[in-house]
Amino acid sequence: MSLSASLNNALSGLTATSRRAEVVSTNVANALTDGYGRREVEVAARSLGGIGAGVQVMGVTRKVNTAILGDRRLADAEAGNTGARADFLARIEAQIGAPGDGRSLSDRVSNFETALISATSRPDSQARLQVVLDTADALASHLGTLSNEVQAARAEADNSIASQVAELNNALAGIDKLNTAILAERSSGRDANALMDQRQRLVDRVAEIVPVREVPRDHNQIALFTTGGAVLLDGLPATVGFSPVGVITADMTLASGDLSGLTINGMTVPSGDDGVLGGGTLGAMFAIRDDLGPGAQEGCDALARDLMARFSDPAVDPTLAPGAPGLFTDRGGAFNPLTEAGLAGRLTINAAADPAQGGQLWRLRDGLGAATQGNVGDTTLLTAMTDAIQAARVPASGPFIGAARSAAGLAADVLSNISGQRQQAEIRQSYATTRQAAMTELQLADGVDTDAEMQDLLVIEQAYAANARVIQTIDSLIQTLIGL
């Protein structure tokens, strides 16, 4: 081998080790960068005419375990979904209140029942009749506040759907542009790994909103498919459509057409959490708006209906005209089964017994339909009202089993249903977050290990010094030849 060939070999070795040092420094600098894929320099022996001619750099490879990455993305989607569900249920449970805190739904019913019993022992006391009115009003107001909270959460979910759809469309457009840019960089022989890091971060964000699978295509391109079977990106990005409504009332549903569903490229698709775009945070918002929220509202409405029915019974208050409302009213009117949705938010006290609305307190003792005041010592109506709230009745509606219960028992069931759902949601959330943490740890294990990179750097230093030594030796030999 000639000295010039030896010199070229050593120079190629210096070039290769320099490139490896550059890549190691890039890996260490980005050890904590989200979405960064560890780089490795691919080298191969170079030959010219069948004779060894040193080493050549084939390129820089981005090392990513796609199987673990895909599973981690699915875990992210599930964790976001279960977390949103659990947060909503905890929010409604807190609004209902825990028994014994003095302001819970159960305590409101208990306070009203206690006030009736107290008034029965002194039917002539205006103060005790006022307490009956105040506790009844507090109960109705609590149900109204609870109903408003449910609808506010549904409206927030609707707005969140709109913002997530906009973010999803922007991310898909960005991934498509990066696909194009990566193809151009690769075609011109340039390094496109940084663009691939950017693309991975965008796909990660898409995967939180909608669980997706990344499918590789030729020339480092990718396609995205949801686990529900929708095509989000394959050559061209899909356009997801949604129209928010702003304010939501209890009677507004997706089935009635009052609320918007999703479209993909203008075509309507199933929009629930079990639809083609369900499973992530987007699906959780649909579950809150169209499933969990209406379910919570249904329980509140059933309790409001039960209260109206207990006190509008002529057997309790014979002074009531046929079809007239009792102590609890639907904004002053009688119950209409066709408008039960949202009843809890409309529950009010009968104006006939409310001095603030021009009524008289004595009607709580003598009858809501009474024209004149009766015997101040008569406990008949107050006793009947006490018996009515304590009586075991089978709820006419709501998500309850067909067992008879008192008003207090029904209020407890409203809380129990929400609490049970919240506990189940938190169990699923705990599993999902544990899985997410495990998959994240596995992915990080395949990422940049700074200790290993430093060990590689020592090897690179030795290789660089060895190649430099070869060049130094060749230089000495050439100087010897020149001196002859």
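## A buried charged pair

The model you are looking at is a predicted one.

Elsewhere, salt bridges with shared partners join Arg38, Glu40, Glu42, Lys63 and Glu453 into one network. Side chains of opposite charge can pair when their charged atoms come close.

Another salt bridge brings together the side chains of aspartate 234 and arginine 217, at 3.2 Å from N to O. Here the partners belong to strand β5 (residues 231-234), which holds aspartate 234, and strand β3, which holds arginine 217, so the pair links parts that are 17 residues apart in sequence. Aspartate 234 has a relative accessibility of 38% and counts as partly exposed. Arginine 217 is likewise partly exposed, with a relative accessible area of 37%.

## Aromatic rings

Now for the rings: the structure holds four aromatic pairs. In one of these, phenylalanine 112 and phenylalanine 328 have ring centres 5.7 Å apart and planes at 85°; planes over 60 degrees apart count as edge-to-face, so this pair is edge-to-face. Phenylalanine 112 belongs to helix α3 (residues 105-121), while phenylalanine 328 belongs to strand β10 (residues 328-330), so the pair ties together parts that are 216 residues apart in sequence.

Are these two residues buried or exposed? Phenylalanine 112 is buried, with a relative accessible area of 0%, and phenylalanine 328 is buried as well, also at 0%. Ring pairs also bring in Phe311, linking Phe112, Phe311 and Phe328 into a cluster.

## Two asparagines in loops

Which backbone angle stands out at asparagine 220? Asparagine 220 has a positive phi, about 65°, although this residue is not a glycine. You can find asparagine 220 in the loop between β3 (212-217) and β4 (221-226). With a relative accessible area of 32%, asparagine 220 is partly exposed.

Asparagine 265 is also a residue with a positive phi without being a glycine, here about 55°. The loop between β8 (262-264) and β9 (267-269) is where asparagine 265 is placed. This asparagine 265 is exposed, with a relative accessible area of 51%.

Val28, Met454 and Leu457 make a nonpolar surface patch of about 200 Å². One of these residues, methionine 454, lies in helix α11 (residues 450-483). At 39% relative accessibility, methionine 454 counts as partly exposed.

Methods: Residues numbered from 1 in each chain as written. Predicted model: local features only at pLDDT ≥ 70, side-chain atom pairs only at ≥ 80, totals over all residues. Heavy atoms only, no water. Patch = residues over 30% accessible without salt bridge, like charges linked within 9 Å, V, L, I, M, F, W, Y side chains within 5 Å. Areas by Shrake-Rupley, 256 points an atom, 1.4 Å probe, with all protein chains shown as cover. Salt bridge = Lys/Arg side-chain N within 4 Å of Asp/Glu carboxyl O. Helix = DSSP H or I, 4+ residues; strand = E, 2+ residues; numbered from the N terminus. Buried < 20%, exposed > 50% of the residue type's maximum accessible area, 1.4 Å probe, protein only. Phe/Tyr/Trp six-rings, centres within 6.5 Å; stacked < 30°, edge-to-face > 60°.
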